[in-house]
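Reader: I'm new to this one. Can you walk me through it?

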Amino acid sequence: MKNYLTVKNIDHLSDWVKTAMEMKKDPLRFRDLGRNKTLALLFFNSSLRTRMSTHKAALNLGMDVMVMNIGKDGWILDFEDGSIMDRNSAEHIKEAAQVVAQYSDIIAVRAFASLQDKQSDEAELVLNGFKKYAGVPIINMESSIHHPLQALADAITIEEFRKTKKTKVVLSWAPHPRPLPHAVANSFVEVMQMSEVDFVLTHPPGYELNPQITGNCTIEYDQQKALENADFVYVKNWSSYKDYGKVLHQDRDWMMTENKLGSANFMHCLPVRRNVVVEDAVLDSDKSLVHAQANNRTYAAQLVLKKILESN
Ligand code: CP
């Protein structure tokens, strides 16, 4: 595998999940694999879990790691071909990507959607810029459209906690005061489409995700109906895709509560706003898998790094 940009780069999901679960039992088994190899972690946006779990994963494989908060400490980048750079941007992606590649064997990039310009966000300028010009493998640590490390960790978590072969998983939209990107929801939808589960997506009208991502998955606008007999309830906010990047309304009654959750397991990628997205009683209960999800971020990243190191 050259790059890990979306969950579509996973060839056999069940094999990947199995391997990650094995790796979790003995995380230092491949500690010589990454010897004398360097991973660059480039952050255009904030992170806690992605940064620390990917760093930890690389250390488990014996890699050296360099972290750059490029959005805060780097030069403002330009992405246009033929650009006359007489405004804010000080460096072109062509130079930046090739320079970082000289210091690194693998580059991991986090660059969120702006939520201002759908066309520009969907062009994935930062991720694709590094892919085009760096010439070394690229890992997506959340881009405008995808968060594939999170989705792989979520698939591992569901496998660990599922009790039946055919389990019901619901992705439920939640209220949030600020407009949030679609990446987590998109990648979760995609990974569920690759899984042996009964998957239902629920959100208020107006919050439809990109139909090219949701395809023919079941969408139920009645949250209560969607949650019936659920085994896993993944809760996440996202802004409108059609009215791009807008918070249409708060719909506070979509918050996940203990009563609505019933006997299902609760999932969220974190960070989460307590008592807005989900009530304390859920997060503080033994139904909450959020810490297990965060823990599995390490093994998802470690598996991706291992596959890239083995094939490059
Ligand atoms: N879930 C997740 O990606 O967390 P961070 O934004 O803290 O990395």
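Author: Here is a short chat about the ligand site and the cavity. Keep in mind that this is a predicted model.

Reader: Which residues surround the ligand?

Author: Ser47, Leu48, Arg49, Thr50, Arg110, His147, Gln150, Cys269, Leu270 and Arg297. By type, this shell has three nonpolar, four polar and three charged residues.

Reader: Which domains does the shell draw from?

Author: Domain 1 (7–146 + 297–311) and domain 2 (150–293) each give at least three residues.

Reader: What is 2.8 Å from an oxygen atom of the ligand?

Author: An N or O atom in the side chain of His147.

Reader: How much of the ligand's accessible area does the protein cover?

Author: The cover is 93% of the 250 Å² that the ligand has on its own.

Reader: New topic, cavities. How many of 30 Å³ or more does the structure hold?

Author: One. The largest cavity has a volume of about 60 Å³.

Reader: What lines the largest cavity?

Author: Glu122, Ser144, Ile145, His182, Asn186, Asn210, Tyr241 and Tyr244. That lining divides into three nonpolar residues, four polar and one charged.

Reader: And where does the largest cavity lie relative to domain 1 and domain 2?

Author: Between them, because domain 1 (7–146 + 297–311) and domain 2 (150–293) both give residues to its lining.

Notes. Residues are numbered from 1 along each chain as its sequence is written. This is a predicted model: local features need pLDDT of at least 70, side-chain atom pairs count only at pLDDT 80 or more; totals for chains, interfaces and linings use all residues. Side-chain values use heavy atoms; hydrogens and water are left out. On a 1 Å grid over the protein atoms alone, a cavity is a set of points where a 1.4 Å probe fits but cannot get out, and a pocket is an open set with protein on both sides within 12 Å along at least five of seven lines; lining residues have an atom within 4 Å of a point. Grid points are joined across faces, edges and corners, and a volume is the space filled by probe spheres set on the points. Ala, Val, Leu, Ile, Met, Phe, Trp, Tyr, Cys and Pro count as nonpolar, Asp, Glu, Lys and Arg as charged, and the others, Gly among them, as polar. Domain bounds come from an automatic or database domain assignment. A residue is near a molecule or strand if one of its heavy atoms lies within 4 Å of it. A polar contact is a pair of N or O atoms within 3.5 Å; within protein, one must be able to donate a hydrogen and the other to accept it, and residues adjacent in sequence count only if both atoms are side-chain atoms. Accessible areas come from the Shrake-Rupley method with a 1.4 Å probe; for residues, only the protein chains shown count as cover.
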